Amino acid sequence: MSEQRRVTIPPSEGDATSVPSMIQRVGLLTGLMVLGVGWFWAHSLPTSTSADRLAPVLIFTVLWWLTEPIPIAATGLLSVVLAVAFDAVPLSEGGGGSVAKVVLAPFADPSVFFLLGGMFLAQGMVRHGLDRRLALSVL
């Protein structure tokens with residue numbers, strides 16, 4: 001009988017299971033400090049514009065995208081929430097609706113749902129083998 005040996009490979013430095021790198025830690029803390037200082041700075045100005053309130057959110061988002069302490073998609077969603085929390089989005093001239101509705105309106109664009117529907121149909125075709133059947137019938 002042959003003896004089986006198990007070989008375990010230690011995780012590399014860039015592996016997802018490894019501890020956060022020093023750059024990720026620095027980015028996490030720097031982003032939070034920029035956000036905190038920006039919050040107090042924007043609210044201490046007597047005539048704070050929406051650009052003054054949005055600047056810390058922008059810097060925070062760019063820092064977290066570059067250092068990636070959390071996934072990039074989560075940072076993008078967090079920046080939308082922060083824009084609403086900082087009241088950094090001006091309302092339209094019509095005056096109807098809240099800040100959250102103005103910020104979240106692009107997520108309900110019909111083209112987004114069109115692309116999602118196409119992706120769902122494509123995944124269903126792949127799962128049931130219809131993509132191969134169509135390709136073979138064309139040939």
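View 1. The model is predicted: local features need pLDDT of at least 70, side-chain atom pairs count only at pLDDT 80 or more, and totals for chains, interfaces and linings use all residues. Residues are numbered from 1 along each chain as its sequence is written, and side-chain values use heavy atoms, without hydrogens and water. F113 is located in helix α5, residues 110–128 (helices are DSSP runs of H or I with at least four residues, numbered from the N terminus).

**View 2. Crossing of helices α5 and α6.** The axes of α5 and α6 (residues 130–138) come within 5 Å and cross at roughly 80°; axes are lines fitted to C-alpha atoms over the stretch in contact, with angles from 0 to 180 degrees between N-to-C directions. The two helices, α5 and α6, are therefore roughly perpendicular (65 to 115 degrees). From α5, M125, V126 and H128 meet L130, D131, R133 and L134 of α6 (contact: heavy atoms within 4.5 Å).

**View 3. E68 in the loop between α2 and α3.** E68, a residue other than glycine, has a positive phi near 55°. The loop that holds E68 runs between α2 (50–67) and α3 (72–85). With 38% relative accessibility, E68 counts as partly exposed.

**View 4. D87 in the loop between α3 and α4.** D87 is not a glycine, yet its phi is positive, about 55°. This residue, D87, lies between α3 and α4 (99–104). Its relative accessibility of 41% makes D87 partly exposed.

Note on methods: Parallel < 35°, antiparallel > 145°, perpendicular 65-115°, else oblique. Buried < 20%, exposed > 50% of the residue type's maximum accessible area, 1.4 Å probe, protein only.
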